[in-house]
Structures are given as structure tokens and as C-alpha cells.
Amino acid sequence: MMGKKLMDVHPRLIISLGLHSAAIIAFQLALMQLISIVQWHHFAYMIISIAMLGFGASGTLLALAREKLLRAAEWLVPLLMTISGLCMMVAFDVTRLEVFQFDVYLLFQERSQLPILAANYIIYFIPFFAGALAIGIIFIKYAGQIGTYYFSNLIGSGAGGVMVLLLFGHLFPQQIPPLVGLLSVFSGLLSMTARYRAGHVVLASAALLVAVFLVREPGHIPISQYKSLAQSLNLPEAEVIHSQPDIHGLIDVVESPALRFAPALSLSFTGEVPVKKNIFVDGNFYGVIPNYEEGQQRHILNYTTGQLPWVMGERAHVLMVNAGEGAPLAQAFTHNPTHVDAIIPNAGVVSLMQEEFAAVSGKLFLHDDLDIHSMEARSYLASLEKAGYDLIVLPQQEAFGGTAGIHALEENYTLTLESFELMWEHLSTEGVISVSAWTDYPSRTNLKLLATLVQTARNQGIEEPEAHLAALRSWGTITFVLKKTALSEQEIDAIREFAVEHYFDPLLLPDISPDERQRYNSIEDDDFFTYVDRIVAGDKDFLDTYGFMIHPATDNKPYFSQFLKLGNLHKLSDMFGGQQVPFLELGYLVVIVTLAQSTLLALLFIILPLLRLRKSRQGKSGTLLYFGALGVGYMFVEIILIQRFVLYFGHPVYALSAVISTMLIASGAGSLTSGKVPAIPKSPALIGMIITLMLLFYTFFLTPILQNTIASPIAFKVLISLLLIGIPSFFKGMMFPLGIRYLSGYDPSQTPWAWGINGSFSVISTSLAMLIAVEKGFMAVMTIAVICYALAFAVFLFHRLFFKVKRDTI
């Protein structure tokens, strides 16, 4: 009878585990989006890293109180699932209370923010800890059937990732946690035995009422006072007139009579500065809705340095890269181009401009001579034959007053050398590439843009880039132009005439004189002009020794906005003051702090169980190395694949969905298959060797494979993706359950510790992989992943050394 009862319980438990795992991953992704809206995405990594340490902490508790927890598993596992679900439902709402609100901008300035930050950590830690403890108890209790349960865990996680992406497009971000929390509550109810079910039904009913209330009354999201949306709402009569959820982010449209569009206008402008409705995505300024009129010949952007490529000559065939909300498009159509291609990755904004705000914008996005492409620029360019564009315009970089490095860790494949070389290939004979940026101090963005343009020209065999470059400087912006052929005298004269007419200063011209550069717009630090000349001259020593990272970004290191050199932190502190450095490079510093505190806490969760395990068998080094290597290796590979498939699929959301879901589902299949593989040392050793060889192959050949098939039909690309992601993930999914099964026969007291080690190292890996990618590139990250799986392979190849055993079977 007992055996039959146990068999009846297991299917429900397996289903409950899958649903609960789906809720945890969905909650994690939803929470990351919410915190990205409240603060910035860097802080989302910070919070999630600490919260996900709940997995490491659960392993620690399991190691310290293994027997007590296993004895209570019948009622404790469902209760933990329910507690986790309830906390998911209310965690974000609790942090919206005024007493728990803080600002990342003030984190390095006011010590009073630290206890509030700690409180946020604890609030977000609880649902992950309770949820992970429930999973850990199941894994340890049924270690002999770990393959089946790990399969359910991974399949559920993959499904949860897809589910939340679908929800992003239909629900506001704050409505999602209550729904995914219900999933965990239902998991607890499903796994609860009849003995305890009555009380649990009452708890689940209360949870349902709470979820309904929170979904019907989502409330507002308290965003940072330093985000552009919050600042705009402080203006007179400002209000959000439209808000819509989208898979690309929360879109808000703000209206105010004080919202005027005057982007570094020429001092010669005498017209009325127009009032514009502003678009924000996740609380960040996206652009203004243009008041376009068919046939208009004048646009306010014609009075900015961005007019530079248009004064040089006629442009019939134009490509607008990341054209945003359409203001640059409106400017383009005042010059009567024959055809304009616009790349706008955010399909939600395109829909907004073609439907709700079509009339307001003069149906600009429905223009007969306009084709809109909702994909990443690199994917579009790679899919083209020789396009012959007369002008390729990139979006304006940085923001007025600077961005404090908040974009430092955002991959930007549009501004890499490889991207500029693709653009060069698609220019007509007299075609130009144009890019503008706000001026910043100390100068970083403009110098890096110039270095990229100069290197692009040199890579095309141009020995004198200065003959192909022009740049204009106003009081607030600089616009650069790189021409495929040398600038003509006629073009140079037109540029000078335009500069004088609008009180702009030439920064770069083939025959420029020093007195031209500060005729109308003086700057205090005229060393800037020396820096510009050294870059144009190809002075590599200057790029190496400059205080900030201004080497051109590449596909291997696509972090254009990352300027901080870690070795220069001390110098920057002396130069600008210790409290000012975070305002220069906030994003990068936040991730460094995240890595430091994650490592500290992870080590704590790993070391504490050693007190409990001091009387266990020897061989703890094998457990630490094997499960630590799996945690690091798996996450490193996931991050690399996501970055590579962003280019392949043309959008980060699709890449994230494809990689995470395929990896988890394929790993789940591998986990299920591992139950048929004997848990002897040669099994994980052989599989580890296969993974190592596959990743070594990927290190050198993954990028060429993707580049050669990027223009293929979508069905073929999906097939390629399933093969490239799924095959290694299938084998990787076998490594963890095989290790747990071996350990449960060798020394069961170490299995909870192994669970904690794997979780702790996985958390550390998120920040660590990011920092390594920024400093050394993606190739370095993949190389370390290869080393990790080689280490896991070596642990079982030399198992007698690491586990101190004299026999191969358990």
C-alpha cells in the first residue's frame, strides 16, 4: 500500500515541480523588467544576483538540516511553494512603499540608502529562497530519480521563460508577478497530500483574491527621480496620455505645454520651438512625435549639426538606422529623397505611430516612399545585396548633460567596426555615413566615434582618412560624416557656408585651419582638438594612454558606451573627486559591486556547510570543483549564445527566448536521458569530454556559421539554432543529475552542498561573465566555459584523486 501511495504522489509532484519552476523563472524575468523601469537594467542585475543567491542559501540550509527537512518534506515542500508564490505576488508591491524606495544614483552618495537597499535584498530574497528550498528538498529526497525531476525542473523553466515573454506583450509589468505567483501557489496545492489539503485550499483561495485585486488595481511604478520620464512629469500640466505594454518594454507618451523640441539648435534659429509629445520606453526617453506635413520644406533639425550630410549634396536613396519615433525621418523628407529605408527595432513604437498617433504625426510612418524594417540594423544590413545608399544616418548618441555610464554594459552591434564596414559596403560611390553625438566632458563618446570612423576608413585601404572626413560642432552637439570618396571642393565650400550661416564651427575638414574651430563656440579645454588630430593621424599610443576606453568597439567587445578603464579608477578619483566617479561610469561600477557582494555571500553559503560536513568522507574538493565548474560553465555558454544570436535573429527579445528556452528544454531532455546512464565515473567524464570538444569547436566556428547563414530563410535559421543550441545543451543537461546520483551513492550528506555550490556559482557567473566580456571580449568568456567543462571532465577522469575512492561503481 505504501508503495502504491508513493507512486500516486510522484506524478503530481513532478507536475508541481515543473509549474513551480516555470513560476520562478517567469518571476525572475518579470522582476528584472520592473526594476529596469524603476531604476536601470544594471541595478536589475544587482537585485536579481542577490535574490538568486536564495538557491545557494537553500543548499546551505539543506546541508545543515538535511534530515529534519527531509522528514518534513510531505507538508513542507507544498508549503514552501505556496510561501514562494505569495511572496512573488506581493514583493514588488512591498518595495513600492515609500519606506522601501531608494535611488541607485544616490547609492554612492548617501549612506542612508544602504539599509533601504538591504531591505530590498531581503524582500526579493525570500521568494527565491523558499522556492529553491522546495526544489532542493525534492532533488535530495529523490536523488536516485534525479534525472526525471531535473527534467521537470528544466522543462518548466523553459516554458516559464516563453510564457513571461508572451505576457510582456499583453499585460503591464506590475500585473505579471501576481499571476506567476499564483502558479506556485497552485503547485503547492497540487503537491499537497489529502491530509493537509483542506487548510491549503483556504490559503490558495486567499492568494487568488490577492492576485485578482493586484491585477485589477496594478497602481503606478515609482521610477527614479533621475529618469527622463520622472523629470518630464515634473513639468507644468504634464501627464501620461497613452501607456501600453510591449514585449520591447513599457511605452508611455507624455504631453505637456512645456515639452519643446530644441536639440542643440543653431543660435540663428528665430522660429517658434515646437511643443512635442514625448515617447518613453521603460521610463527612458525614446524620442518626440514629429508634427510632419506632406511636402514641408523646413524642419527644426535642419538648424542642427545633423543637417551636415544634407548640405553636401542630394541624397536619393537613404537608410535611417534606429530611426526611433521618426523625427529624423521628418527631416529626411524635407529634402525629397526618392526612397527611405528606416530600421526601427521596436515594433510597438511602429504600431503606435501607424495607428494611435498616425494623425498627430501626419501619417509619417505611412509615407509612400518609406519602408520600415522592425529588426536590428546588423541583421538588415547582412541580408542586403549591394544597396547603394547615398546616405546612412545613425541615431544621435548620448544625451544632453551625459548619461552617467548607464549604457556601459549594453551591447550595441550597430556601432562596432564590423557594422561600419557593412555600412560602407552598402554606400553608393558618393555615399556618406553620418552620426551625431552630444558633447560630453571629459570627452569620450565623440572621440570613440571618431576613432571608429577613422579605423573604418583605414580598414578599407584609405591612407588619408582626413580627406574623407568632415565634422561640425555646435554649442551642444558634434556631427561626423565619413564619405566613400574624398570630399570635393564644392562640398567643403558648402559645409563652410552652412557653418557660418548657423554659427557652427568646423571640427574636421581636409584643409581646416586652427582659427576655424572656435569661431562661434569656444571650449575651456582646447586639448580636445589635439585629441581629435591625434586620432585622425592614427596615433595608437594616444588610444592606449587616454584616460578612458576609446578604442573602437568590435563584435567581440560590442560595448560602445563602456569607457571606464579599471586601472584608472584611482586617477579619476583624484581628478574628479571620489564621489563624482560614479556619475561618470555608474553602470560599470554597479556590476563590479554586484560581483563583489555576490562572491562574498556565495562563499559564505559554500563555507558554512563545511562545518556540518567536517566528519563526512573525504572528497569534498571533487564536489566543489565539479558542481562549481558546471554552474560557471553553463551560465557562461548561455550568455555567449544570447549575444551571438542577437545578431542572428535581429532582436534581443527573440534571441533571449530562443537561447534560454532551447537550452532549458534540451537540457531537460538530457537530464531525463541521464536516468538510463550508469552513475559511474566514466559517464560524466565521457560526456564532459564531448561538451568540451563541442565548445572548443564553437569558440572558433560558431560566429562564421552564423554569419554565413544570417540571410537564410527564417525556417532554416530556426533549424540551425535548434541544432547549435540544442545539441550541446542536451549533453550539458546530463552532467548535473549524473553528478548528484554519483554523490548520493558516495556520500549523501554532500548532495545538498552540491546543490548550493551549483546555485552560488551560477549567480556569480552572471556578473563575472559580463565583466570578462567587457574587459577581454566574448572569446575569453567562451574559453573559460571550455576550461570549466574540461575541469568537470577531469574531476571524474581522475575521480580516485578527487573523491578518494578505490572503486568505480557506487
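Trainee: Which residue in β9 stands opposite I392?

Mentor: I392 stands opposite I433 in β9. Keep in mind that we are looking at a predicted model. On another strand, L319 is also placed opposite I392 in β8.

Trainee: How do you know that strand β8 and strand β9 are paired, and in which sense do they run?

Mentor: Two strands count as paired once there are at least two bridges between them. Strand β8 (residues 389-393) and strand β9 (residues 427-438) are joined by 4 bridges, so they pass, and they run parallel. Another of the contributing residues is L391, whose bridge partner in β9 is V432.

Trainee: What makes β8 a mostly covered strand?

Mentor: The cut-off for buried is under 20% relative accessible area, and 5 of the 5 residues in β8 are buried.

Trainee: Why are β7 and β12 said to stand at the edges?

Mentor: Start with the order of the open sheet of 8 strands, β7-β6-β5-β8-β9-β11-β10-β12, in which the pairing is mixed. β7 (370-373) and β12 (505-508) each have a single partner strand, so one side of each has no neighbour in the sheet. From one strand to the next, the twist averages 20 degrees.

Trainee: Which helix lies across β10, β11 and β12?

Mentor: That is helix α16 (residues 489-501), which runs at about 5 degrees to β10 (469-473).

Trainee: How do you know that the span of helix α5 agrees with its number of residues?

Mentor: Helix α5 (residues 113-141) has 29 residues, which at 1.5 Å a residue should span 42 Å, and its end C-alpha atoms are 42 Å apart, so the two agree. There is still a kink of about 30 degrees in α5, at F125, shortly before the proline P127. As for burial, 21 of the 29 residues of α5 are buried, and the helix is mostly covered.

Trainee: What is expected for helix α15, and what does the helix reach?

Mentor: Helix α15 (residues 445-459) has 15 residues and reaches 21 Å from first C-alpha to last, close to the expected 21 Å. α15 is mostly covered, with 12 of its 15 residues buried, among them T445, N446 and L447. After α15 comes G461, whose phi is positive, near 85 degrees.

Trainee: Why does L13 count as buried?

Mentor: Its relative accessibility is 8%, and the cut-off is under 20%, so L13 counts as buried. L13 sits in helix α1 (residues 2-38). Beyond its neighbours within four places in sequence, L13 is in contact with V77, I138, Y142, Y149 and S191.

Trainee: Which residues have the most contacts inside the largest nonpolar core?

Mentor: They are I137, F139 and F645, in a core of 140 residues. Helix α22 (residues 620-649) gives this core its largest share, 17 residues. A second, separate core has 46 residues and includes A437, A457, L469 and F560.

Trainee: What is F645 in contact with, leaving aside its neighbours within four places in sequence?

Mentor: The contacts of F645 are G650, A655, V659, L706, S721, L724 and I725.

Methods. Residues numbered from 1 in each chain as written. Predicted model: local features only at pLDDT ≥ 70, side-chain atom pairs only at ≥ 80, totals over all residues. Heavy atoms only, no water. Helix = DSSP H or I, 4+ residues; strand = E, 2+ residues; numbered from the N terminus. Axes fitted to C-alpha atoms, helices over the stretch in contact; angles between N-to-C directions. Contact = heavy atoms within 4.5 Å. Buried < 20%, exposed > 50% of the residue type's maximum accessible area, 1.4 Å probe, protein only. Expected span 1.5 Å × (residues − 1). Bend = angle between axes of the 7 residues up to and from the residue. Core = buried A, V, L, I, M, F, W, Y, C linked by side-chain atoms within 4.5 Å.
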